Amino acid sequence: YFSLFPWDLLPNNSEGFDLGCGSGRWAYFCAPKVGRLHCLDPSPLALNVAKEKLSNYENCVFHNAGVDEIPMTDNSMDFGYSLGVLHHIPDTLDGLKKCTIKLKKGAPFLVYIYYAFDNKPNWFKLIWQTTIPFRLFISILPFPLKYIICQLIALFIYFPLVKLSKTLEKFGMKVDNIPLSSYRNQGFYSLRTDALDRFGTKLEHRFTKNQITEMMLEAGLERIEFRVKDPYWCAIGYRCDQ
């Protein structure tokens, strides 16, 4: 996810934010590389998990806040990122704007937004559509039950598909269009986390690459670059100088 991120361009003791930090999955990777990292999440439960996970890093500051209440001063951040979050809010474009305004001019912002399968065949899209009723049902369940079901999905659906992709790839087969093949080099923790993210959330928007580009430009970002392979669509932009 951070393959596009310009670590070498950050100033010494850089200060930035992780919008929707969740359990601290990305902050754990980012914190050792920066001066101060603001970790924001609207869920107190998730934030407590992140605090424990990041307890060895004194440069992390935690905020029980969402995109509508980002506490940092405008034009103050050296970088920002939001991975797998902005597609779960009612107005994704407005969320991008609220993130961008916190950045200094020229500062990078990394974003991962669910894609609309604009680079996949129609049969792939049909498979995804069959999962929507299940997501809508699971997402309204009490959290303990929802959590258990999502862990089972990760174990009995995600994991077998990932193993299939990995096995077929070893035999020289192209696996890009096998559902969940992008996880074939990731651990089971990622499967568990992302199953909960996908099936545990009521609201889900999906955007094409062109739509994401338009939103980033309108939000005040420029020099936009997309990752050309999984995960789609992961993109980086820089706050406009004007």
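These notebook entries record what I looked up in this structure, which is a predicted model.

**Entry 1: aromatic rings**

I began with the aromatic side chains and found 24 aromatic pairs in the structure. I took up the pair of Phe2 and Phe5, whose ring centres lie 5.8 Å apart with the planes at 70°, so I recorded the pair as edge-to-face. I then looked up the accessibility of both residues. Phe2 has a relative accessibility of 8% and counts as buried; Phe5, at 6%, counts as buried too.

Phe2 also pairs with Phe29: here the ring centres are 5.1 Å apart and the planes stand at 50°, so I noted this pair as tilted. Phe2 belongs to the segment before strand S1 (15–19) and Phe29 to helix H1 (residues 27–30), so the pair ties together parts that are 27 residues apart in sequence. For Phe29 I read a relative accessible area of 38%, which makes Phe29 partly exposed.

**Entry 2: helices H5 and H6**

I turned next to helix packing. Two packed helices are described by the angle between their axes and by the distance between the axes. Helix H5 (residues 143–170) packs against helix H6 (residues 188–199) at an angle of about 125°, and their axes are 8 Å apart. The two helices are therefore oblique to each other, and H5 passes H6 in a right-handed crossing.

I listed the residues that make this contact. From H5 they include Phe143, Tyr147, Cys150, Ile153, Leu155, Phe159 and Val162, and from H6 they include Phe188, Leu191, Arg192, Leu196 and Phe199. By class, the contact of H5 with H6 divides into 14 nonpolar, one polar and four charged residues.

**Entry 3: Ile138**

I then examined Ile138, a residue of helix H4 (residues 122–138). Its relative accessibility is 6%, so I recorded Ile138 as buried. Setting aside neighbours within four places in sequence, I found Ile138 in contact with Lys146, Ile149, Cys150, Ile153 and Phe199. I also looked up Leu196, which is 58 residues from Ile138 along the chain; the C-alpha atoms of the two are separated by 9.7 Å.

**Entry 4: helices H3 and H7**

I looked up a further helix pair. The axes of helix H3 (residues 92–100) and helix H7 (residues 209–218) come within 9 Å and cross at roughly 40°. That angle makes H3 oblique to H7, and the crossing is right-handed. Thr92, Leu93, Leu96 and Lys97 of H3 make the contact with Met215, Met216 and Glu218 of H7. I counted these by class as four nonpolar, one polar and two charged residues.

**Entry 5: backbone details**

Finally, I checked the backbone. A cis peptide bond joins Asp230 and Pro231, with omega about 5°. Pro231 lies in the loop between strand S6 (221–226) and strand S7 (234–239). The bond from Tyr232 to Trp233 is cis as well, with omega near -20°, and Trp233 is found in the loop between S6 and S7.

I also noted positive phi values. Asn75 is not a glycine, yet its phi is about 60°. Asn75 lies in the loop between strand S3 (60–63) and strand S4 (79–83), and at 42% relative accessibility I recorded Asn75 as partly exposed. Arg223, likewise a residue other than glycine, has a positive phi near 50°; I located Arg223 in strand S6.

Conventions:
Residues numbered from 1 in each chain as written. Predicted model: local features only at pLDDT ≥ 70, side-chain atom pairs only at ≥ 80, totals over all residues. Heavy atoms only, no water. Axes fitted to C-alpha atoms, helices over the stretch in contact; angles between N-to-C directions. Helix = DSSP H or I, 4+ residues; strand = E, 2+ residues; numbered from the N terminus. Parallel < 35°, antiparallel > 145°, perpendicular 65-115°, else oblique. Left-handed = near helix turned anticlockwise from the far one by under 90°. Contact = heavy atoms within 4.5 Å. Nonpolar A, V, L, I, M, F, W, Y, C, P; charged D, E, K, R; others polar. Phe/Tyr/Trp six-rings, centres within 6.5 Å; stacked < 30°, edge-to-face > 60°. Buried < 20%, exposed > 50% of the residue type's maximum accessible area, 1.4 Å probe, protein only.
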